[in-house]
Amino acid sequence: MTVRLQTEGRVSEGTLLEIADVKTHFRTERGLVRAVDGVTFSLERGKALGIVGESGSGKTVLSRTIMGLLPSTAVLSGSVRFAGQEILGLDARQMRHLWGSEMSMVFQNPMVSLNPLMKIGKQIIEPLQIHLGMDKTNAVATAERLLRDVRIPEPEKRLGQFPHELSGGMRQRVMIAIALACGPTLLFADEPTTALDVTVQAQILELIGEQRKDRNMSVILVTHDLGVVAGHTDEIAVMYGGRLVEKAPTRELFANMKMPYTKSLMRSIPKLEDPSHTRLLTIPGRPPDLVNPPKGCRFAPRCAYAREKCVQHEPPLIVSDTSSEHFYACWYPVGSPEFEERDVEIMTNVGVGGSA
Amino acid sequence: MAGTGTAHLRDGDVVLRVDDLVVEFPMGRHATVSAVAGVSFDVLRGETLGIVGESGCGKSTTGRAIMQITAPTSGTVSFEGTDLTSLSYSDLREARTKIQMIFQDPISSLNPRRKVRDSVKDPLDIWQRGSEAQRIELVNSILEQVGIDPERAAESRPHQFSGGQCQRISIARALVLDPTLIICDEPVSALDVSVQAQVLNLLEDLKQQYGLTLIFIAHDLAVVKNISDRVAVMYLGKLCEVASSDDLYGRPAHPYTNVLVESIPIPDPELAVAGTTITGEPPSPVNPPSGCRFHPRCPYADDICSRTEPTMRSIGDGHFVACHHPLVTPVSIA
Ligand SMILES: Nc1ncnc2c1ncn2[C@@H]1O[C@H](COP(=O)(O)OP(=O)(O)OP(=O)(O)O)[C@@H](O)[C@H]1O
Ligand SMILES: Nc1ncnc2c1ncn2[C@@H]1O[C@H](COP(=O)(O)OP(=O)(O)OP(=O)(O)O)[C@@H](O)[C@H]1O
Ligand code: SF4
Ligand SMILES: [Mg+2]
Ligand SMILES: [Mg+2]
């Protein structure tokens, strides 16, 4: 790895991020949207956490809450401690010294987040000059190297191009180069590889992984691709309707999935070993309305395993019998007699690869 | 001939045939980007052709060039027997109603200021198909079919729908003119896995029902395998392998396809350690390598690979590869 910036004088061990009962609600015409509704977790230095969940489950809002990048309609509560310091609710002026050099984010939509009117070179070089005080020559050389690191061919030429002249995947890689430019301690990567082909995806994830090891950077990888989180994270948090519904070390989660929701997500992925045109399993219905979330388990209306209790009472986040680091919120988890009884019924009705 | 051969082209009920398609873009003052460099393929009626390949290899450009949104530098695109590259503007407009495109970003491909149902009805208004009442009836029934409440669509704008719903709406809009061919450019990449499964099932159903022919461009190889009958692999503006989807994944013959298949992330941490990964720098489409464009990164490359461009040849069962040293022994050389 060639990018080594700002590595001296860093604390290299311990907890980097601690968030406790974070709520991010938005005031809207329809009422209060409970986008993130009481999330608690912590992240060690140098570790990678994957956040998965359907669209609208609050993954991006949670990341933006930690970064302090929210519109003024947001109502915040709870606590976010970064390197021991409370940062929830700091304004943009106070956050600015953290952005880039301490925390940076690869945004979900590269076309929207890159300035379409500015050559990509300038978009990488400017933060290097501003945050790291590099002179022009040095910044240009660093920018070229960063582009080469993210596997962009002919970086010298690309610096002079505008975003629309690059393919979708190249724009995404430019975003990653910008995010890594100032050597952050915590990198948020929000769907960093959805626009990339599998070989480049593997390289980019490896690149992020190397940075993580080299500089003990922590990573929060937001994605709905369970294949991506499987190979590139230490822990996984599953979100549903603004809540954390399951969290475990990666291997433990895949070995002993507890939430029917997590299981359903797994089952809706097309499998390479299935023949083509295999009917895919789907999760019926839609994610909950966050203005009026269901009062029991938020997944109950769509859960094939739900019973009366699920509709009436919200399950607490409890420790799994399989690992003390594994938490889930479900009354009838995978493996319980109630779950298994119904699962046999469902899988028989559906037939292998049938539609649900 | 610049292309990689035509052995893989077929007779039969061909809806679309692309012949030696070349698309170049100027880059700076003196250079050109060779985005698509002599690609030929065909799609039979009712078939789904998947196109995969490295980011920047020219998949979207190929899709746009078929639609003539980007003018091909050379080559022909013949759709139901008519060469689209030689049509007058008005004939092309007419022909384009039979070919529709669905894009990756469902929300920004709909007009944010218009009611969703009006956006879906637009093509019918532009082409003045039927009476207003008939148009609304048709639009309602198609919206119903893609699982969108027509009443809600009549009153709401795109931002009031989720990403998956917007993609369903885009699909509805692509369907109203009763197209023959739909080119889907990463239609599910922006969707989460559960909605992706719904949209893939939906495309499969609509295909049966409307007798559609599809071109499906995507990065997710498991998704492409699921939806496609045949898959074409592109590398740096060239086609390197074409086969039925089960065959392509079962016995990839081109070294690049092999790397691609090996790089697929597996949703299982015990198996997720990548096998073969690609080595070397990505090549430049401005100054593409000689001979086989993959040779600088190919573990099997020898002299002939850097000198001579391989052409498509059959390795049996409708499986074609453009490689001097394919990973399986050719059964017959076409
Ligand atoms: N500024 C806002 N005002 C009101 N609601 C908002 C705002 N931003 C986000 N939301 C809502 O908060 C919820 C969570 O959104 P978020 O973007 O975090 O989802 P996500 O999990 O990142 O989904 P995706 O996978 O689609 O990116 C959604 O219902 C969204 O509509
Ligand atoms: N308008 C343009 N001007 C200049 N170069 C372009 C233009 N459009 C595309 N290109 C170049 O053509 C090549 C092929 O791009 P294309 O968008 O077709 O790739 P792709 O295979 O769709 O990639 P991705 O998977 O990343 O979407 C790239 O090198 C790209 O930079
Ligand atoms: S032709 Fe040669 S260089 Fe190209 S893929 Fe085959 S073996 Fe590799
Ligand atoms: Mg998001
Ligand atoms: Mg593309």
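Here is a short chat about helix packing and strand pairing in this predicted model.

Colleague: Why are helix 3 of chain B and helix 6 of chain B called roughly parallel?

Modeller: The axes of helix 3 (residues 116–126) and helix 6 (residues 163–175) of chain B cross at roughly 25°. Angles under 35 degrees count as roughly parallel, so helix 3 of chain B is roughly parallel to helix 6 of chain B. Those two axes come within 7 Å, and the crossing is right-handed.

Colleague: Which residues make the contact between them?

Modeller: From helix 3 of chain B you have Val116(B), Ser119(B), Val120(B) and Pro123(B). Helix 6 of chain B brings Ile169(B), Ala172(B) and Arg173(B).

Colleague: On to the strands. What makes strand 8 of chain B largely enclosed by the rest of the structure?

Modeller: Buried means under 20% relative accessible area. Five of the five residues of strand 8 (residues 213–217) of chain B are buried, so the strand counts as largely enclosed.

Colleague: How do you know that both faces of strand 8 of chain B are covered?

Modeller: Go through them side by side. Thr213(B), Ile215(B) and Ile217(B) on one side are buried, and so are Leu214(B) and Phe216(B) on the other.

Colleague: What makes strand 3 and strand 8 of chain B a pair?

Modeller: Two strands pair if there are at least two bridges between them. Four bridges join strand 3 (residues 48–53) of chain B to strand 8 of chain B, and the two run parallel. Within strand 8 of chain B, Ile217(B) is the bridge partner of Ile51(B). Strand 7 (residues 181–185) of chain B also runs parallel to strand 8 of chain B, joined by five bridges. There, Leu181(B) has Thr213(B) as its bridge partner.

Colleague: Now chain A. Why do strand 2 and strand 5 of chain A count as edges?

Modeller: The open sheet has four strands in the order 2-1-4-5, with antiparallel pairing. Strand 2 (31–44) and strand 5 (85–86) of chain A each have a single partner strand, so one side of each has no neighbour in the sheet.

Colleague: How many bridges join strand 1 to strand 4 of chain A?

Modeller: Eight bridges link strand 1 (residues 15–28) of chain A with strand 4 (residues 74–82) of chain A, running antiparallel. For one residue pair, look at His25(A), which stands opposite Val75(A) of strand 4.

Colleague: Which strands of chain A does helix 1 lie across?

Modeller: Helix 1 (residues 59–67) of chain A lies across strand 1, strand 2 and strand 4, at about 115° to strand 1 of chain A.

Technical notes:
Residues are numbered from 1 along each chain as its sequence is written. Chains are lettered from A and ligands numbered from 1 in the order in which they are written. This is a predicted model: local features need pLDDT of at least 70, side-chain atom pairs count only at pLDDT 80 or more; totals for chains, interfaces and linings use all residues. Side-chain values use heavy atoms; hydrogens and water are left out. Axes are lines fitted to C-alpha atoms, for helices over the stretch in contact, and angles run from 0 to 180 degrees between N-to-C directions. Angles under 35 degrees count as roughly parallel, over 145 as roughly antiparallel, 65 to 115 as roughly perpendicular and the rest as oblique. A crossing is left-handed if the near helix is turned anticlockwise from the far one by less than a right angle, and right-handed if clockwise. Contact means heavy atoms within 4.5 Å. Buried means under 20% relative accessible area, exposed over 50%, partly exposed in between (1.4 Å probe, protein chains only).
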